[in-house]
Amino acid sequence: MRFKDLREFISFLESKGELRRIKASVSRELEITEITDRVIAAGGPALMFENVDGYDIPLVINLFGSHQRMAWALGVDHIDELTDRVRQIIGMAQTPPTGIVNKLRTLGELAGLARSQPKTVRSGPCQDVVLTGDEADVNMLPALKCWPLDGGRYITLPLVISRDPDSGRRNVGIYRMQIYDGRTMGMHWQSHKVGARHYRISEEKGQERMEVAVALGGDPTTMWSGSMPLPPDMDEIGVAGVIRGEAVEMVRCKTVDLEVPAQSEFVLEGYVVPGELRSEGPFGDHTGYYSLAEDYPVFHLTAITHRKDPIYPTTFVGRPPKEDYFMGKASERIMLPALQMTLPELVDINMPAEGIFLNLVIVSIKKEYAGQASKVMHALWGLGLMMLAKTIVVVDHYVDVQNVSEVAWRVATNLDPGRDILFTEGPLDDLEQASARPRYGTKMGIDATAKGPMDGFQREWPPDIVMSDEIRRLVDGKWGDYGI
Ligand SMILES: Cc1cc2nc3c(=O)[nH]c(=O)nc-3n(C[C@H](O)[C@H](O)[C@H](O)COP(=O)(O)O)c2cc1C
């Protein structure tokens with residue numbers, strides 16, 4: 001299963017009964033949000049609105065809004081297949097193969113990885129139509145006003161592409177863009193994100209402009225790849241190629257020195273000016289609250305290129321779970337083997353929807369020495385975007401972290417608050433609303449592991465209540481006799 005572009009994915013979803021076409025006329029102001037919100041709450045399909053008032057461009061939403069559709073978008077039936085594949089790739093790097101057969105297999109795998117790196121092509125459908133000068137007007141997009149108090153209309157599923165002004169390395173991030181007028185937009189890369197880092201570097205270097213390209217649509221793996229919390233120097237497009245098992249084709253932009261996925265539906269080309277900030281927001285955010293208006297850089301449009309019959313992909317966020325929960329869950333699953341390289345005691349991780357990724361991170365560990373839960377918390381707070389985790393809960397290896405009911409029970413019973421809760425301070429997300437200072441505040445680690453002599457615990461720890469295997473087998477065998 002591999003999709004060349006968005007329309008192939010749409011056809012596939014349709015064939016699986018996982019996409020509905022809506023022919024009724026709908027407004028891009030709030031109405032599409034309300035419809036989609038009801039569909040998400042019912043675990044429903046992706047939606048293609050073919051008749052958005054005032055536009056002849058169809059709009060697709062909720063593409064990634066279930067675990068199944070998210071897995072398909074990444075070319076697998078179940079996301080665990082990708083976790084296994086990442087583990088296999090890491091394994092190749094960790095343990096050199098022995099024996100001729102294994103060596104040849106590893107060589108084949110490495111050649112496959114090399115072949116899946118981005119490939120520059122001379123032309124692509126995303127440039128079927130090229131609009132520059134006065135012809136380029138972002139109001140051509142049926143961008144949504146998602147919630148009543150939103151400050152305007154937003155592009156919500158953009159792949160924002162920039163280069164590190166020092167190293168030239170590419171970054172791709174999904175950062176929403178508020179439409180101010182036909183040619184200017186807000187660039188909502190939050191402080192700890194790589195796009196914001198590129199911007200700060202270009203400001204330090206005294207550059208007049210930093211070029212940015214924004215791709216909408218494309219193959220679904222690439223569309224999603226901008227949400228992955230990869231290390232700054234790792235190219236999302238390269239990783240998208242590895243996940244797809246095929247290189248993502250890239251074309252050079254028309255007015256800026258950047259490349260974009262050739263199969264995109266739309267591309268916005270332009271630049272931000274270091275030092276130029278403008279109020280962005282409010283926006284009904286994935287916290288379930290509005291993020292309030294704040295200053296962010298301004299994106300200036302130099303060109304729009306698009307396919308002949310383009311489709312506009314979008315999403316909306318709000319009180320979880322929404323579509324972004326499923327997108328984040330895929331990252332969580334795929335990143336687990338990478339986390340385990342640094343933290344071998346880590347068994348599993350769960351960022352429940354209600355925790356909007358960083359407010360609540362639950363991990364299970366195989367504890368071997370005193371203070372290990374605390375070591376794991378600090379290590380996570382030092383790892384990439386995990387630095388923003390507000391609460392980390394550590395439980396024992398046998399606890400199913402995906403079962404939030406079990407976790408709540410273990411925390412409630414195992415916790416001696418004075419001993420097991422650790423407070424520290426550090427960076428917090430731009431969207432953090434409770435801390436006294438923006439972007440900085442208290443973090444909490446909860447060690448909900450069982451305690452024993454290793455932890456200096458002198459009392460006897462009670463065993464879990466579990467029925468004996470013998471009685472379970474007996475009851476299994478006699479179940480029919482009970483007439484229940
Ligand atoms: C639908 C959606 C919308 C998002 N909007 C934003 C946003 O407006 N600003 C932001 O900084 N991150 C946003 N994110 C999260 C980033 O895409 C994510 O943190 C990603 O890792 C950023 O890429 P980077 O690590 O290369 O900076 C969004 C994610 C999704 C799935």
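Trainee: Which residues does Leu422 touch, not counting residues up to four places away in sequence?

Mentor: The model is predicted: local features need pLDDT of at least 70, side-chain atom pairs count only at pLDDT 80 or more, and totals for chains, interfaces and linings use all residues. Residues are numbered from 1 along each chain as its sequence is written.

Leaving aside residues up to four places away in sequence, Leu422 touches Ser374, Met377 and Gly445; contact requires C-beta atoms, placed from the backbone, within 7 Å. Leu422 is partly exposed because 16 other C-beta atoms lie within 10 Å; 20 or more would count as buried, 12 or fewer as exposed, with C-beta atoms placed from the backbone. Its C-alpha atom is separated by 5.6 Å from that of Met444, 22 residues apart along the chain.

Leu422 belongs to strand β22; strands (E, at least two residues) and helices (H or I, at least four) are DSSP runs, numbered from the N terminus. An open sheet of 5 strands, with mixed pairing, has the order β19-β20-β21-β23-β22; two strands pair if DSSP finds at least two bridges between them. At the edges, β19 (346-350) and β22 (421-427) each pair on one side only. Neighbouring strands of this sheet are turned by 20° against each other on average, direction ignored.

Gly445, one of the contacts of Leu422, is the bridge partner in β23 of Ile392. Strands β21 (391-396) and β23 (440-447) pair in the parallel sense over 4 bridges. Helix α11 (404-414) packs on the sheet, touching β20 (361-365), β21 and β23, and its direction makes about 90° with that of β21. Axes are lines fitted to C-alpha atoms, for helices over the stretch in contact, with angles from 0 to 180 degrees between N-to-C directions.

Methods: Two residues are in contact if their C-beta atoms, placed from the backbone, lie within 7 Å.
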